[in-house]
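Please examine the model shown below, beginning with the ligand and its surroundings.

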Amino acid sequence: MSTPSTELEQWDKEYVWHPFTQMKTYRESKPLIIESGKGSYLYDTEGNRYLDGYASLWVNVHGHSEPELNRALIEQVEKVAHSTLLGSANVPSILLAKKLAEITPGNLSNVFYSDTGAAAVEIALKIAYQYWKNLDSEKYASKNKFVSMNEAYHGDTVGAVSVGGMDLFHRIFRPLLFERIPSPSPYSYRMTDLGNEKAVKDYCLTELESLLKSHSEEIAGVIMEPLVQGAAGILTHPEGFLKGVEQLCRKYDVLLICDEVAVGFGRTGTLFACEQEDVVPDLMCMGKGITGGYMPLAATITHDRIFNAFLGEQDEHKTFYHGHTYTGNQLACSLALKNIELIEQRNLVADIQRKAEKISAKLDTLYELPNVGEVRQRGLMIGIEIVKDRTTKETFSVQEGVISRIIQNAREHRLIIRELGSVITMMPILSMTDEELHTMVDITYRSIQEACESLAVR
Ligand SMILES: *Cc1c(COP(=O)(O)O)cnc(C)c1O
């Protein structure tokens, strides 16, 4: 017999420390305990069905308990679950690396596996740093710093936090971190004093250029989230910003690292976001959607010029001394292979584009609500900035509880979505139908409306 949900709730509160969660508040609330999933829906221990409007934290591609992915996992587990990439190879990791080389932009061809997006970022930073040292440790002795964007999010390990720009999450850890050079990111909605989107983009690129011009001999690389800064609140960049950053990196001889952990695998309407501006980074980080939302896997891919700089005799110490115990795990790699195969077979990327276009007219109706400041969308990545006042763009304080009320209302209407600060996000499962996407927006509309009406009554 299964454990009753009252006991599970008690043990959850007693034993599990949830991420990014104030546990005091959590312990006072009713937890959502998921028991199963099917297609676009999750089911809790009490049998309630919820539409998964956050793709289980931006990872799910083809739906929950997808028969073909299930079969791929079972087939692999019956062969072997795990052996190591230290001193041996395995079949799925070889096939997946070849596949990733084929589907990623340009000449990217050498894959280093890890198991979370943050690790994929750490690896990219360490490779970029060591690349210059391997080339010429004297000439590039001071190329030790990284540029990253304001409000950047690259994960929660110490190196990834070092290049992070979200003060709320990162402030407390400052003394532990290595120095980063911040560069302004084009947050057009809150930079209107500079003018339109193009003016904001030009300003940000000019600032980046001036710091590259004066510091490029100290800079190993620039790291950025291409097209959309996810965790910052779905900040959609103006057209041409990514391309502009790439051109500046080439001009001043610093490496470009694109963190596709959130935007990769179809989310923005192309398989990888870099494709939309014809950009080929020197290092690209992948995670989240790579296994279709089944297992933890991440990868960092680079090209021959960087890879070759690590070749040498044992005693030259050009080796990349880095690795994780579960690097290249067979179960995760088989799932990733099957995930990519299904994306191709089902023409999912074209379908995402079509659905994104279709839902965008529906999203415009959100502007009927006076507290909706801006609706931002790239593919199936959507952020709704909630403000007290459209003119001043002032946000609600946490104490006012409006944002948490919206999320709670949605849950009561059987939709799971999450907030990022003052931004309500919708990150649907990529295989959702038009009808399900419609429902997601409808419920979100209603949840915002109810929260703001109750505020007016108070
Ligand atoms: C989620 C995310 C990460 C971190 O990935 P984890 O798997 O949580 O470590 C890194 N970069 C971006 C852009 C992300 O959205």
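**The ligand site and a helix pair**

The side chain of T116 places an N or O atom 3.4 Å from an oxygen atom of the ligand. This value, like the others given here, is computed from a predicted model. In G117, a backbone N or O atom lies 2.8 Å from an oxygen atom of the ligand. In A118, a backbone N or O atom likewise lies 2.8 Å from a ligand oxygen atom. Taken alone, the ligand exposes 380 Å², and the protein buries 82% of that area.

The surroundings of the ligand extend beyond this stretch of sequence. T116, G117 and A118 are joined around the ligand by Y153, H154 and G155, by E225, by D259, V261 and A262, and by K288.

Attention may now pass to the two helices. Helix α5 spans residues 91-103 and helix α12 spans residues 330-345. Their axes come within 8 Å and cross at roughly 40 degrees. The crossing of α5 and α12 is left-handed.

Which residues of α5 and α12 meet? From α5, the contact involves P92, S93, L95, L96, K99, L100 and I103. From α12, it involves Q330, C333, S334, A336, L337, I340 and E344. The residues of this contact divide into nine nonpolar, three polar and two charged. K99 in α5 and E344 in α12 are charged residues among them.

Definitions and conventions: Residues numbered from 1 in each chain as written. Predicted model: local features only at pLDDT ≥ 70, side-chain atom pairs only at ≥ 80, totals over all residues. Heavy atoms only, no water. Near = heavy atom within 4 Å. Polar contact = N/O pair within 3.5 Å; in protein donor to acceptor, adjacent residues only side chain to side chain. Areas by Shrake-Rupley, 256 points an atom, 1.4 Å probe, with all protein chains shown as cover. Axes fitted to C-alpha atoms, helices over the stretch in contact; angles between N-to-C directions. Helix = DSSP H or I, 4+ residues; strand = E, 2+ residues; numbered from the N terminus. Left-handed = near helix turned anticlockwise from the far one by under 90°. Contact = heavy atoms within 4.5 Å.
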